[in-house]
Amino acid sequence: MSEIIRKDISEGWAHSGIIKAGDYCFLSYCVGNVGGTVEEQVNGAFDQMESRLALFGLTLENVVQMDCLFRDIFNIPVMEKVIKERFKGKYPVRKSIQTEFAHFGGPDGLHFQADAVAYCG
């Protein structure tokens, strides 16, 4: 059995930002630019995703699946625009979910979060 490697660990949140298990990496709670526009937050989340992937020598093109969480699901076209700009045609499968974030910024804070699975074998 392959070893499990955890990186970007937050003791305060009891959370690993990325875990490599076998041929896959699992990323959660990718957020960024909280308080900015939805487009800024989507880009910020993908910036954080890229920095975590880089810990294992990976890029956004390695991402095969994403769960995208929105405060307002009607912002999906904003995310799709950013995905087209950043994933260079190597689009992951994904689902989009609307949720009420439990975040300190309240309604003016967090509007987008992405969790992902990347192939690293």
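Predicted model: local features only at pLDDT ≥ 70, side-chain atom pairs only at ≥ 80, totals over all residues.
Biologist: Where do Trp13 and Tyr29 lie?
Modeller: Trp13 is in the loop between strand 1 (4–10) and strand 2 (15–21), while Tyr29 is in strand 3 (residues 24–30), so the pair ties together parts that are 16 residues apart in sequence.

Biologist: Is Trp13 buried or exposed?
Modeller: Trp13 counts as exposed because its relative accessibility is 55%, and the cut-off for exposed is over 50%.

Biologist: And Tyr29, buried or exposed?
Modeller: Tyr29 counts as buried, since its relative accessibility is 18% and buried means under 20%.

Biologist: What about Phe70 and Phe112, why is that pair edge-to-face?
Modeller: The planes of the Phe70 and Phe112 rings are at 65°, and over 60 counts as edge-to-face; the ring centres are 5.1 Å apart. Phe70 belongs to strand 4 (residues 63–70) and Phe112 to strand 6 (residues 112–119), so this pair ties together parts that are 42 residues apart in sequence. Both Phe70 and Phe112 are buried.

Biologist: Which residues form an aromatic cluster with those two?
Modeller: Phe46 and Phe87 do; together with Phe70 and Phe112 they form one aromatic cluster.

Biologist: Different topic. What sits over the ring of Phe56?
Modeller: The charged end of Lys7 does, at 4.5 Å from the centre of the Phe56 ring.

Biologist: Now helix 1. How many residues does it have?
Modeller: Helix 1 (residues 38–54) has 17 residues. From its first C-alpha to its last it reaches 24 Å, close to the 24 Å expected at 1.5 Å a residue.

Biologist: Which residues of helix 1 are buried?
Modeller: They are Val38, Gln41, Val42, Gly44, Ala45, Phe46, Met49, Arg52 and Leu53.

Biologist: What covers them?
Modeller: The cover for the buried residues of helix 1 includes strand 1, strand 2, strand 3, strand 4, helix 2 (76–86) and strand 6.

Biologist: How many residues are in the largest nonpolar core?
Modeller: The largest nonpolar core has 26 residues. Leu27, Phe46, Met49, Leu53, Val63, Met66 and Phe112 have the most contacts inside it. Strand 3, helix 1, strand 4, helix 2 and strand 6 each supply at least two residues of this core. Helix 1 gives the most, with 6 residues.

Biologist: What does Leu53 touch?
Modeller: Leaving out residues up to four places away in sequence, Leu53 touches Ile18, Leu27, Leu58, Thr59, Leu60, Val63 and Ala118.

Biologist: Which residues are in the second core?
Modeller: That separate core has 5 residues, among them Tyr29, Val31, Phe101 and Leu110.

Biologist: Where is His111 found?
Modeller: His111 is in the loop between strand 5 (93–98) and strand 6. At 18% relative accessibility, His111 counts as buried. Beyond residues up to four places away in sequence, His111 touches Val38, Gln41, Leu69, Phe70, Arg71 and Phe101.

Biologist: Last one, Ala114. Which strand is it found in?
Modeller: Ala114 is in strand 6, and at 0% relative accessibility Ala114 counts as buried. Not counting residues up to four places away in sequence, Ala114 touches Ser28, Tyr29, Cys30, Phe46, Met49 and Asp67.

Definitions and conventions
Residues numbered from 1 in each chain as written. Heavy atoms only, no water. Helix = DSSP H or I, 4+ residues; strand = E, 2+ residues; numbered from the N terminus. Buried < 20%, exposed > 50% of the residue type's maximum accessible area, 1.4 Å probe, protein only. Phe/Tyr/Trp six-rings, centres within 6.5 Å; stacked < 30°, edge-to-face > 60°. Lys NZ or Arg CZ within 6 Å of the ring centre and 35° of its normal. Contact = heavy atoms within 4.5 Å. Expected span 1.5 Å × (residues − 1). Core = buried A, V, L, I, M, F, W, Y, C linked by side-chain atoms within 4.5 Å.
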